[in-house]
Amino acid sequence: MMPLSRSLRSLLAAGLIAAGGNAFAQGAGPIEVGDLTISHAWTRATPPGAPSAGGYLTISNEGSEPDRLVSVSTPFAEESAVHAMSMQDGVMRMRAISEGLQIQPGESVTLKPGGDHLMFLGLETGLTAGEAFPVTLTFEHAGKVELFLPTAEIGATQPPAAAK
Ligand SMILES: [Cu+2]
């Protein structure tokens, strides 16, 4: 079977995936959805056999009402979630933010390595640097948006150049 990102890319090239009413971009941000702007979306390559990967991005709310990222999904993992990091007994731990990630009006939230992040569990395919992988974000008010996460090297702490 072809790597997922490659088969999606050929479908995109063939025009078989339509943008519909949603913003849709391949590593070409920032992306606007409702009052929100999503920028610097990216992920990191995974070592062979890795069970999970993180995703990172910045969400800015230019509206006058709070919004919430309520769900994340992707075809490359069995399960996706938003994880918060916190220090417990001197150890960094992560937990799923089941109530959704709040973005207050006039504020920006950045998910980054070592901080809150998107979590992809049960990877169907390894993530390769230089490729881009699709995710769908669902916001309480702004609705659904599909975007691609350009992939940096294993362990990178900064977005790849392709992340805008
Ligand atoms: Cu996590």
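Okay, one definition before anything else: I call two residues in contact if their C-beta atoms, placed from the backbone, lie within 7 Å. With that, residues 24 or more positions apart make up 70% of the contacts in the protein chain that have a separation of 6 or more.

Some housekeeping. This is a predicted model, so to speak of a local feature I need pLDDT of at least 70, side-chain atom pairs count only at pLDDT 80 or more, and totals for chains, interfaces and linings use all residues. Numbering starts from 1 along each chain as its sequence is written.

On to the secondary structure. Reading from the N terminus, you get α-β-β-β-β-β-β-β-β-β-β-β-β.

What about burial? Of the 164 residues in the protein chain, 32% count as buried. Buried means 20 or more other C-beta atoms within 10 Å of the residue's own, exposed means 12 or fewer, and partly exposed is in between, again with C-beta atoms placed from the backbone.

His40 isn't a glycine, yet its phi is positive, about 50 degrees. Where does His40 lie? In strand S3, residues 36-44. His40 counts as partly exposed because it has 19 C-beta neighbours inside 10 Å.

Then there's Asp89, not a glycine either, with a positive phi of about 50 degrees. Asp89 sits in the loop between strand S6 (77-88) and strand S7 (91-96). Why does Asp89 count as exposed? Because it has 5 C-beta neighbours inside 10 Å.

Definitions and conventions: Helix = DSSP H or I, 4+ residues; strand = E, 2+ residues; numbered from the N terminus.
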